[in-house]
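Student: Hi, could you walk me through this structure? I am new to it.
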Amino acid sequence: MEIAFILIPLAVMLVFVILGGLWWAIQTGQFEDLEEEGSRILEQD
Amino acid sequence: MLSLTHPETQNPWLGLDIQSEWERFSQRHQAEEAIWTSHVWVEKMHCAACSGRIEQSLKQMPGVLGVYASAASKRVKIVWDASRTHPSAWFQNFNAIGYPALPVTEYHALTDRTREQRMMLWRLVVAVFCMMQVMMYAYPTYVSASNDITPEMIQLMKWASWLLTLPVMLFSATPFLSQAYLSLRQRQLGMDVPVALGIVVAFVMSTLATFAPGSWWGDVTYYDSLTMFVSFLLIGRWVDVKLRNRTAGALENMMRRIPNAVQKKSDDGQWVQIAASNINVGDILLVLPGEVFAADGDIMVGATSADESMLTGESEPVIKHQGDRVIAGSGNLTAMVEMRVEQVGAGTQYHALVNLMASASTEKPGIALLADKLAQPFLWFVLLAALFAVIFWWTTDPVKAVMAAVAVLVVTCPCALSLATPAAMLASAGTFAKGGVLIRRLQAIQAMSEVDTIVFDKTGTLTDSLLHVQQATLNTEAHHLPIYDVLASLTQRSLHPVSKALHQFALTQGGQVGLVLNEFEEIVGGGLQANISIQAMPVSAVKLGNAAFCGAIERSEDALTRQVYLMSGQMQLACFDLVEEMKANTQLAIQQLISQGLDIQLLSGDKIAPVLRLASQLGIPVALGLQKAEDKLQRVQTLQRQGHKVLMVGDGLNDGPVIAAAHISIAMGSGVPLTQAQADMVILGNDLSVLVSLIAHCKKTIFIVKQNLVWAAVYNAAGVPLAIMGWLPAWLAGLGMASSSLLVLVNALRLTHWQKGQV
């Protein structure tokens, strides 16, 4: 079980890395319009 | 409050003190020159306590005549006197009390909305993500046997949990903490105070237990409860923001319709791009298909069809030829046109519509006022209950005492109570607006749900205000004359409804305009006269009008129609019978209303015979003709004395006193100038069948409001004793609090579906 002493700090660090990715996603508006993007490919421009 | 003695060095809002600047978010009072009404947007206004504080603080300022804040739409309406105060003064005051405000112009509302939404989502994501990790470290200690995990491992998991809770405390929870701090600094009790107190106490207890275990605070940590509680709170706020965007969205959509820039013809004939705010009367604008008309004006070159559904309720595209009027906010659908601007800004129908909706969204319904009044005593009760829990448990178990108090603080978060009414009413108002029904006061929804008697006006309400030619009798001796050319040319210059009807009729009969008229004259209450020279016509003087005016012999005594004669000298060329026609769907609408058990009455100023005929056609039991405004008023008041709730449906213009006296009034028809309409609600378009489903939806709205209030009350009544007894762990209290708010909001969301014409 000693491996947990390394894994837990690693997991905590990973959390902050993932949060960084989510921050990017939100600030670039990835969640702004969830319906339209899916159907955009079906529309003619 | 900041001093206003040296505003030039301190006040960032000074730029707004120029009239042309404040005009962008304000409207001048109709009668008083110096009185203005402004709308501002306050991002941090979340609850009834906040709006109450803003109103209180601003009302004390000299020159501010009225403040109406709506937490549900985050808007504040301010009525102020330009001779005694300036926008910068009260904007400064907003800053000083901790609620920065922004003027509501379309641009600001849009970007702030997006920013607010992104920020809220980000706080939520951080809280939820960290919560999941903390749960993972909390779970083993709940399920494992006492010696399964080594003390070192438990300590490590506590440290990890503490580290993961930090972002939740320092970032995700800051809206609650900072709001609580602000309201405490104001020596007021805001709704965030108990919440913040609960969060901070739980965090401090857990931190002590992590880094210095063993004293009276024991060694139990609450990071899981804490992060979960913050996450639930944020989910509530997030849904709140989403819902607000959806319901207030109707208003925002309208305000955003006017384009920011337009193509204007410059003096040398070139097209130049100018800002929409710089359009002046007389400018020639180029409008491409797909664009929105930025001002009221007439088409100069080209022809197109326009989508005016948002402004008039008319769902079909309207054909616009050269010379026709197009209105700001309507969409150009088919072709490129040039228009000449006749009306800009506050004078446009579009602007009147936006104002109408804006003032409705800041109006507080009676039930909401009750919630505001209860907020402060309720918060004191919560704090006292928490204090009681601490005292009650302290001697037996200090840890349990503190956590019971935290549970009380958390479980009673009064968001549900304060959201119950405005959320439901705004959801309905937004839905109605999309369906072409505008609400001037939110109280109208409540009044509408109680209606049992409906009084209709006739012309323009049940019947079309347009007349139709039922029968044309031509003089056989005059059949060689171009009668329809004469009729078309003569009526072209007049705006009287009869002239309009006859003009339309002449055109459909093949009549051509273009005859030369000399000495054209319109005699009020009589008719039209002119000199027209045509070969084969005995006398050039032509008259069109009623029998007395033309000197014709009244052909019949049929009171149901109106006769109009066309004379040339003493010779009668033709006689036209005109009738009012019932609107489409009127029959169906009246039948539905009667079958709903509503008492229908028809009061009209028209002659008795046509009123009775219409009533029998529609199956209206009570109908009275020759009713003047005071007769109608008396009748409505009599009904009210008998205990009836009266809805008056009219054209919204002629029956001022009746409309004011009735419990609630509706103005019908696309022809109503919105600026003058006094009615509580305006139904755009001509379809009366909306009325049935409108009443049903208002009833449903009030039902949901009551449901919400009862739910919030029951939940608190049950939650507080449980929390005091220590039977409610902090995380369960958080779950209860969040779900009670969510339930209220989701319940209100049911009101966003409204099928016009269906009960």
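Student: At roughly what angle do the axes of H14 and H25 of chain B cross?
Tutor: Before the angle, note that this is a predicted model, in which local features need pLDDT of at least 70, side-chain atom pairs count only at pLDDT 80 or more, and totals for chains, interfaces and linings use all residues. Residues are numbered from 1 along each chain as its sequence is written, chains are lettered from A and ligands numbered from 1 in the order in which they are written, and side-chain values use heavy atoms, with hydrogens and water left out. The axes of helix H14 (residues 398-411) of chain B and helix H25 (residues 730-749) of chain B cross at roughly 5 degrees and come within 8 Å. Axes here are lines fitted to C-alpha atoms, for helices over the stretch in contact, with angles running from 0 to 180 degrees between N-to-C directions, and helices (H or I, at least four residues) and strands (E, at least two) are DSSP runs numbered from the N terminus.

Student: What does that make H14(B) and H25(B) to each other?
Tutor: H14(B) and H25(B) are therefore roughly parallel to each other; angles under 35 degrees count as roughly parallel, over 145 as roughly antiparallel, 65 to 115 as roughly perpendicular and the rest as oblique.

Student: And which residues make the contact?
Tutor: On H14(B) they are B:Met403, B:Val406, B:Ala407, B:Val410 and B:Val411, and on H25(B) they are B:Ala730, B:Ala733, B:Gly734 and B:Met737, where contact means heavy atoms within 4.5 Å. By class, eight are nonpolar, one is polar and none is charged, with Ala, Val, Leu, Ile, Met, Phe, Trp, Tyr, Cys and Pro counted as nonpolar, Asp, Glu, Lys and Arg as charged, and the others, Gly among them, as polar.

Student: How do H6(B) and H7(B) pack?
Tutor: H6(B) and helix H7 (residues 174-185) of chain B have their axes 6 Å apart at an angle of about 45 degrees, which makes H6(B) oblique to H7(B). B:Met169, B:Leu170, B:Phe171 and B:Ser172 of H6(B) meet B:Thr174, B:Pro175, B:Phe176 and B:Leu177 of H7(B).

Student: Switching topic, how many aromatic pairs are there?
Tutor: Over all chains, the structure holds eleven aromatic pairs; rings of Phe, Tyr and Trp (its six-membered ring) pair if their centres lie within 6.5 Å, and planes under 30 degrees apart count as stacked, over 60 as edge-to-face and the rest as tilted. In one of them, the rings of B:Trp122 and B:Phe171 have centres 6.1 Å apart and planes at 55 degrees, so the pair is tilted. B:Trp122 lies in helix H5 (residues 106-143) of chain B and B:Phe171 in helix H6 (residues 151-172) of chain B, so this pair ties together parts that are 49 residues apart in sequence.

Student: Is B:Trp122 buried or exposed?
Tutor: B:Trp122, at 11% relative accessibility, counts as buried, whereas B:Phe171, at 22%, counts as partly exposed. Buried means under 20% relative accessible area, exposed over 50%, and partly exposed in between (1.4 Å probe, protein chains only).

Student: Which residues do ring pairs link into a cluster?
Tutor: That cluster consists of B:Trp36, B:Trp80, B:Trp90, B:Phe91 and B:Phe94.

Student: Last one: how many helices and strands are in chain B?
Tutor: Chain B has 25 helices and 27 strands, and buried residues make up 54% of its 759 residues. One of the buried residues is B:Ile439, at 5% relative accessibility, which has its place in strand E15 (residues 437-439) of chain B.
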